[in-house]
Amino acid sequence: MSQALHDLLDLLDLEQIEENIFRGRSRSAVVPRVFGGQVAAQALVAAGRTVPEDRHAHSLHAYFLRMGDPGAPIVYTVERIRDGRSFTTRRAVAVQHGRPIFTLSASFQTYEEGLDHQTPMPPSPDPATLPTSEERLRGYDHLDPVVVEKFLETREAIDLRYVDEPPYGKFGEPREPRSQVWFRTNGKLGGAVDEPLLHVVLATYVSDMTLLDSVLLAHGRGGWAMGDVVGASLDHAMWFHRPFRADEWLLYDQESPSAHGGRGLGQARIYTQDGRLAVSVIQEGVVRVPRED
C-alpha cells in the first residue's frame, strides 16, 4: 500500500467521540475549501459505523450546504432513523463552527436474491494503455505549475486515467458532453481495513472528482484548473447495485443531459472491468461563468 493511500484511509478513519457522534479532519483541495468527495465519504463512514455488519450500503442522497473549512475539524452526528428487518436508514449531518455544512441520508440492506438485469457497459479502451494523471498533467504547458502540483497531490492515492482529453487539456470549442475515466486506488487493500463499506466509501470519495466534467465539455470550458468557471457541488446521489473493489479498475462513464440557470447536471455509471454495473451516480452543481468573462 502506498503512503498516499495509507494517508487517505487515515483521513477517512473517523474518531468516535460519543455515541452517534464522530470527528474527522480535512486536507487542502484544489480549491480553498473541503473537497466534497471527502465530506461525503466521511459522512458515509459515520453512518455505516452505526449499522450492523451484515447490512451494506445501497444508496445515499446528500446536499452540500456550505463551503467546508479545511483548517477546522468536522463533527458528524448520526440519527438512527430506522432499523427494519431488511433495511436500515441513517441520517448524518456534518457540522463546522456550529453550522451544518453537509447532510447525508443513507440506506443499508441485508443481502437477498432477486431479479437481475443491467445496462451494458459502453466501449472503452484498456486502462493500462492510457496515460496516468501525472503524465497528462505534466504535459500541459498552459496550466499553472502550482495547480498541476495541487491536482497531483490531491489525487496521489487514486490512479485516475482519462480516456480522452480532460476539460483543462483541450478547451475553447464545445465537445460532446460525455467523459470517461478509469480509476482504482494506488495500492491494494487488505487486512483489517478490507471491508465492503471501505470500497463503497472510496468510490464515493472519487465520484466527486470528475462528474461535472461533461458539463464543461459541452461549453468548451477548461474548468476549475483554468479559472474560466466557478462552481461547487449542490447535491449528490449514488446507488450501489453490485459488489466491487475500489483497488481494481472501475470505469466511470459520465454525461451531462442539461445545464441551465447557473446549474449543471452530471449523471454516470460505474462499471467493473469485467462489465458489471456497480454504481449509478447523479450530481447537480453550480457552474457559473465569471462576470469579467
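A strand here is a DSSP run of type E with at least two residues, and strands are numbered from the N terminus. With that in hand, look at arginine 161, which sits in strand S7, residues 158–162. Please keep in mind that this is a predicted model.

Is arginine 161 buried or exposed? Its relative accessible area is 12%, and the cut-off for buried is under 20%, so arginine 161 is buried. Leaving out residues up to four places away in sequence, arginine 161 touches Pro127, Ala128, Leu130, Pro131, Thr132, Gln180, Val181, Trp182 and Trp249. For proline 127 there is also a polar pair to report: its backbone oxygen lies 3.2 Å from a polar atom of the arginine 161 side chain.

Now the chain as a whole. It has 6 helices and 12 strands. Its C-alpha atoms fill a box of roughly 55 × 45 × 40 Å along the principal axes. The accessible surface comes to about 14300 Å², and carbon and sulfur atoms account for 50% of that.

Two more values for the chain. Among contacts with a separation of 6 or more, 73% are between residues 24 or more positions apart. As for charge, there are 31 positive and 41 negative charges, and their mean positions are 4 Å apart.

Next, a helix. Helix H4 covers residues 145–154, and its buried residues are Val148, Phe151, Leu152 and Thr154. In an α-helix there are 3.6 residues a turn, so residues three or four places apart point the same way. What covers the buried residues of H4? The cover includes helix H3, residues 133–137, and helix H5, residues 196–210. At the start of H4, a side-chain oxygen of aspartate 144 comes to within 2.9 Å of the backbone nitrogen of valine 146.

On to the loops, with histidine 241. This residue lies between strand S9, 230–240, and strand S10, 250–260. Histidine 241 has a relative accessible area of 40%, so it is partly exposed. Which residues does histidine 241 touch, not counting those up to four places away in sequence? They are Leu277, Ala278, Val279 and Ser280. With valine 279, the separation is 38 residues in sequence and 5.6 Å in space, C-alpha to C-alpha. With serine 280, the two side chains are joined by a polar contact of 2.7 Å.

Last, two loop residues whose backbone angles deserve a mention. Asparagine 20 is not a glycine, although its phi is positive, at about 70°. The loop that holds asparagine 20 runs between strand S1, 15–18, and strand S2, 21–24. Asparagine 20 counts as buried because its relative accessibility is 17%.

Histidine 97 also is not a glycine, and its phi is positive at about 50°. Its loop lies between strand S5, 87–96, and strand S6, 99–110. Is histidine 97 buried or exposed? Its relative accessible area is 61%, so histidine 97 is exposed.

Key: Residues are numbered from 1 along each chain as its sequence is written. This is a predicted model: local features need pLDDT of at least 70, side-chain atom pairs count only at pLDDT 80 or more; totals for chains, interfaces and linings use all residues. Side-chain values use heavy atoms; hydrogens and water are left out. Helices (H or I, at least four residues) and strands (E, at least two) are DSSP runs, numbered from the N terminus. Contact means heavy atoms within 4.5 Å. Accessible areas come from the Shrake-Rupley method with a 1.4 Å probe; for residues, only the protein chains shown count as cover. Lys and Arg count as positive and Asp and Glu as negative; His and the chain ends are not counted. The place of a charge is taken as NZ of Lys, CZ of Arg, CG of Asp or CD of Glu. Buried means under 20% relative accessible area, exposed over 50%, partly exposed in between (1.4 Å probe, protein chains only). A polar contact is a pair of N or O atoms within 3.5 Å; within protein, one must be able to donate a hydrogen and the other to accept it, and residues adjacent in sequence count only if both atoms are side-chain atoms.
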